[in-house]
Amino acid sequence: QVQLVESGGGLVQAGGSLRLSCAASGLTFSSYDMGWFRQSPGKEREFVAAIRWIGGSTYYRHYADSVKGRFTISRDNAKNTVYLQMNSLKPEDTAVYYCAARRSGGRGTNLHLYEYDYWGQGTQVTVSS
């Protein structure tokens with residue numbers, strides 16, 4: 001059974017940093033592309049960042065415009081974990097953050113919810129002004 005478990009959320013002041021982690025089990029982690037999405041109250045879940053295997057040990061990273069330059073996605077295949085380093089946080093980054101997994105090599109852009117097969121339960125990030 002595939003499980004994705006996020007951690008690292010919390011309350012932080014604007015300008016601060018957090019690092020989210022997502023530990024995966026029940027799948028061959030290195031064979032999966034990973035993504036982070038977020039959802040604020042009253043809003044749809046939106047894409048934040050994705051890391052896509054493109055061959056060998058090379059990965060392509062993609063970011064939403066709203067987080068580009070502030071957030072960094074990375075992964076440690078030995079630990080079956082994907083990370084989201086969030087710097088220069090803003091109040092508008094407040095949301096529940098979800099990690100997601102999809103098998104590598106598939107079609108699409110990895111930017112859309114429907115492209116992912118597995119989801120975590122989410123972790124709350126609150127940024128105070």
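This is a predicted model: local features need pLDDT of at least 70, side-chain atom pairs count only at pLDDT 80 or more; totals for chains, interfaces and linings use all residues.
Leu18 stands opposite Met86 in β8. Residues are numbered from 1 along each chain as its sequence is written, and side-chain values use heavy atoms, with hydrogens and water left out.

Strand β3 covers residues 18–25 and runs antiparallel to β8, with six bridges between them. Pairing here requires at least two DSSP bridges between two strands. The strands themselves are DSSP runs of E with at least two residues, numbered from the N terminus.

## β8 and its other partner

What about the other neighbour? β8 spans residues 81–86 and also pairs with β7, again in the antiparallel sense and over six bridges. Ile73 has Leu84 as its bridge partner in β8, while Ser74 stands opposite Tyr83.

β7 and β8 make a hairpin with four residues between them. In that turn, Asn80 has a positive phi of about 50°.

Stepping back, the order β1-β3-β8-β7 describes an open sheet of four strands with antiparallel pairing. At its edges lie β1 (3–7) and β7 (71–76), each pairing on one side only. From one strand to the next, the twist averages 15°, taken between lines fitted to C-alpha atoms, with angles running from 0 to 180 degrees between N-to-C directions.
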